[in-house]
2 protein chains.
Amino acid sequence: MTAAQADAAQNTFRALADPTRRDILRLLGNRDMTIAEVSDSFDMTRAAVKKHLTVLSDGGLITVRTEGRTRINALDPQGFAPVLGWLEYFDDFWDDRLLALKSALERNQP
Amino acid sequence: MTAAQADAAQNTFRALADPTRRDILRLLGNRDMTIAEVSDSFDMTRAAVKKHLTVLSDGGLITVRTEGRTRINALDPQGFAPVLGWLEYFDDFWDDRLLALKSALERNQP
DNA sequence: TTGACATGATACCTTTTGGTATCTATTAAA
DNA sequence: TTTAATAGATACCAAAAGGTATCATGTCAA
């Protein structure tokens with residue numbers, strides 16, 4: 001792994017470490033949103049949400065496009081690649097029992 | 001997702017957010033190790049490594065067993081389940097192009 | 001052009017995090 | 001039974017993280 005790739009992975013892992021940011025990603029999985037729209041879902045100031053969006057952008061997990069005076073935040077699924085790549089190192093350890101557990105967890109999620 | 005599951009996921013994501021801890025997991029993927037053995041691979045005190053191991057244990061990513069006066073740290077692959085489960089929420093977004101990218105990343109990793 | 005709206009930027013505060021230094025407890029061996 | 005090795009616990013420190021408040025900037029509309 002190159003140094004740049006390692007940094008990218010670090011930014012991505014860091015972005016995923018905060019529960020608010022993970023919730024934001026789920027929101028953006030439903031539809032693109034402005035900062036104001038994202039902020040409506042959280043009990044914090046827009047400035048705080050903006051900081052989270054910046055971290056998510058640094059992690060490559062979202063992209064932002066400007067439309068007039070609004071800025072639209074969109075999920076970027078490719079941003080997950082560094083994490084998936086890192087996790088694959090452990091593929092040998094994931095047996096059928098673990099995959100079953102993973103599926104069970106998935107079914108319990110909203 | 002229950003509150004307990006959410007907490008477990010948080011502890012796991014937090015454990016993965018630090019590059020030293022991700023390196024420790026890779027080390028333990030090769031073989032089980034004592035704290036002293038893990039410490040040999042890093043330029044920091046055993047106390048610092050011990051803290052990282054505690055965070056990894058809180059995240060469910062390693063288990064510890066006592067043998068005489070040594071404590072053996074071992075990778076626990078089941079600890080990845082909350083992360084894999086969370087990531088699966090985005091499965092719909094992972095198209096062939098992304099999977100190809102993921103494979104490319106994997107090939108470049110040591 | 002004025003005014004309202006959507007956002008960005010900065011300063012500041014508190015808590016958490018990653019680290020060291022130091023002390024204590026337990027276990028194996030001479 | 002000393003003595004050395006392995007590890008846990010605690011206090012402490014600097015830096016980073018998450019948050020608020022405030023001000024500046026750009027854009028649309030009357």
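Biologist: Is F93(A) buried, partly exposed or exposed in this predicted model, and at what relative accessible area?
Modeller: Buried means under 20% relative accessible area, exposed means over 50%, and partly exposed is in between, with a 1.4 Å probe and protein chains only. So F93(A) counts as partly exposed, because its relative accessible area is 30%.

Biologist: What about F90(A), buried or exposed?
Modeller: This is a predicted model, where local features need pLDDT of at least 70, side-chain atom pairs count only at pLDDT 80 or more, and totals for chains, interfaces and linings use all residues. Side-chain values use heavy atoms, with hydrogens and water left out. F90(A) has a relative accessible area of 0%, so this residue is buried.

Biologist: Which kind of aromatic pair do F90(A) and F93(A) form?
Modeller: Rings of Phe, Tyr and Trp (its six-membered ring) pair if their centres lie within 6.5 Å; planes under 30 degrees apart are stacked, over 60 edge-to-face, and the rest tilted. Here the centres are 6.2 Å apart and the planes 45° apart, which makes the pair of F90(A) and F93(A) tilted.

Biologist: How many aromatic pairs are there over all chains?
Modeller: Let's count across the whole structure. The total over all chains is twelve.

Biologist: Which residue of chain B do ring pairs link into the cluster with F90(A) and F93(A)?
Modeller: From chain A, the cluster takes in F13(A), W86(A), Y89(A), F90(A) and F93(A). The member from chain B is F80(B).

Definitions and conventions: Residues are numbered from 1 along each chain as its sequence is written. Chains are lettered from A and ligands numbered from 1 in the order in which they are written.
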